[in-house]
Amino acid sequence: MSRGAVAASSHEIDVHHHFVWGTEKEAMETLLSEYQDRNPDVQFAEEQTAINSLRLMVKSRILKEEPPDVWDEWPGANLRPTVEAGATADITDIWEEAGMERAYFDGVAEAARFDGEYHAVPLDLARISNLYFDVHAFEAAGVDPAHLDGPRELVEVLPALAEHRANPYAVFGRNPYGLLQLWETLFLAHGDPGTYEAAVDGDAAAHRGLLREAFETLGDLIDAGPENIEFMDSSDMDSGFSDGETACINNGSWTTGHMGSQPDIEYGRDWDCIPFPGTGDAHLVNTNAFITSADAEDDETVREFVRYLGSARTNEQFNTISGSIPPRSDVGVEGIHPLSRELHSEFDRGATMLPSMCHGLAVPPERIAELKDAVATFLSKRDVERSVDSVVETLSE
């Protein structure tokens, strides 16, 4: 008997996900609880762990031919090897039946589509190229963040910000993705969408000057922050910002959920967020998506759950709680955080979405690992030319 048949007879769905902290955890708990309330005969075998550990766990189970029924993952180039290995279900019929292709933003739908087939259901959308800033610190320093034309202008005002906050800037390095998402944001900010896309497509060598500027600015921002950032993770950095220790940070839109859940600080009055200086209306984006195992492709219990995950109501509910941006155009946004609502409107109007390298939409897993290694080595060695060489070699493969 197949694994899918076992799941169907017991009405148990094996779900693995990485929503283990803060408002994302609350959002996922709400979705699973609501689904069980509506379907009391369905039970979840739930596994929660950080995203890197989750990937290793899922890969191990696929190799053992015991994959989870459903798991969350970054789609795009990151997922392609798993799709090509035949481990994921073709759920194109679910997309077509539910009209999902018309509803999802084009860039998000593209990340879920592989050679004309859909193999993922995006749940959220995050802008990576953000600058979250402490309104009071910037006002006290006499700095208008909207007038910062690029990354170098931001570096130039850090001494003034240092007079009002313990850390004028902060970046986390416990997981290299904190450094990598800042570095790719800086690369976009020093260049433009065309140079970013050219580098992703294999022509990084032609833009060595911009790559160098991005690493030089990364070094300046690291120096402006706390010591021992190799022990800080994303939640540590967010907490330092919300506690008033840090004047500004770069992080994905999940920080909006964290900030919006703090009762004593107010969006617009105490903190705000703008596109990272120099990035303008070109947005680096990421999405988390749920994947269905090929072994569960014909399991109607699993398929009904996948339909639920892709629905407009689920999109609205998850993103309202998490603070992220709904990836569908047809959701109600009245209850969503005002910042996420603004970004949703921009994407609905066709704002430029650039797939993030750091979060796997633009490059496959082995290149993500190599890029992480390049920024981690930069943190310890501070060798700009060596780091540029590493990135050029990785993106030119």
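I started with a group: W183, F187, Y196, F215 and F378 form one aromatic cluster. I'm keeping in mind that this is a predicted model.

Next I checked the total. I found 18 aromatic pairs in the structure.

I picked F19 and F318 to look at in detail. Their ring centres are 5.2 Å apart and the planes meet at 65°. Planes over 60 degrees apart count as edge-to-face, so I wrote this pair down as edge-to-face.

Then I asked myself: where in the chain do F19 and F318 sit? F19 is in the loop between β1 (12-17) and α2 (22-38), while F318 belongs to helix α16 (residues 312-322).

My next stop was W95 with Y118. This aromatic pair is stacked, with 3.9 Å from centre to centre and 10° between the planes. Here too the pair links distant parts of the chain: W95 lies in helix α5 (residues 92-97), Y118 in strand β5 (residues 117-118), and 23 residues separate them.

Are W95 and Y118 buried or exposed? Buried means under 20% relative accessible area. W95 comes out at 1%, so it counts as buried. Y118 has 3%, so I put it down as buried as well.

Last entry, a charge and a ring. The charged end of R55 sits over the ring of W74, at 3.9 Å from the ring centre.

Note on methods: Residues are numbered from 1 along each chain as its sequence is written. This is a predicted model: local features need pLDDT of at least 70, side-chain atom pairs count only at pLDDT 80 or more; totals for chains, interfaces and linings use all residues. Side-chain values use heavy atoms; hydrogens and water are left out. Rings of Phe, Tyr and Trp (its six-membered ring) pair if their centres lie within 6.5 Å; planes under 30 degrees apart count as stacked, over 60 as edge-to-face and the rest as tilted. Helices (H or I, at least four residues) and strands (E, at least two) are DSSP runs, numbered from the N terminus. Buried means under 20% relative accessible area, exposed over 50%, partly exposed in between (1.4 Å probe, protein chains only). A charge sits over a ring if NZ of Lys or CZ of Arg is within 6 Å of the ring centre and within 35 degrees of the ring normal.
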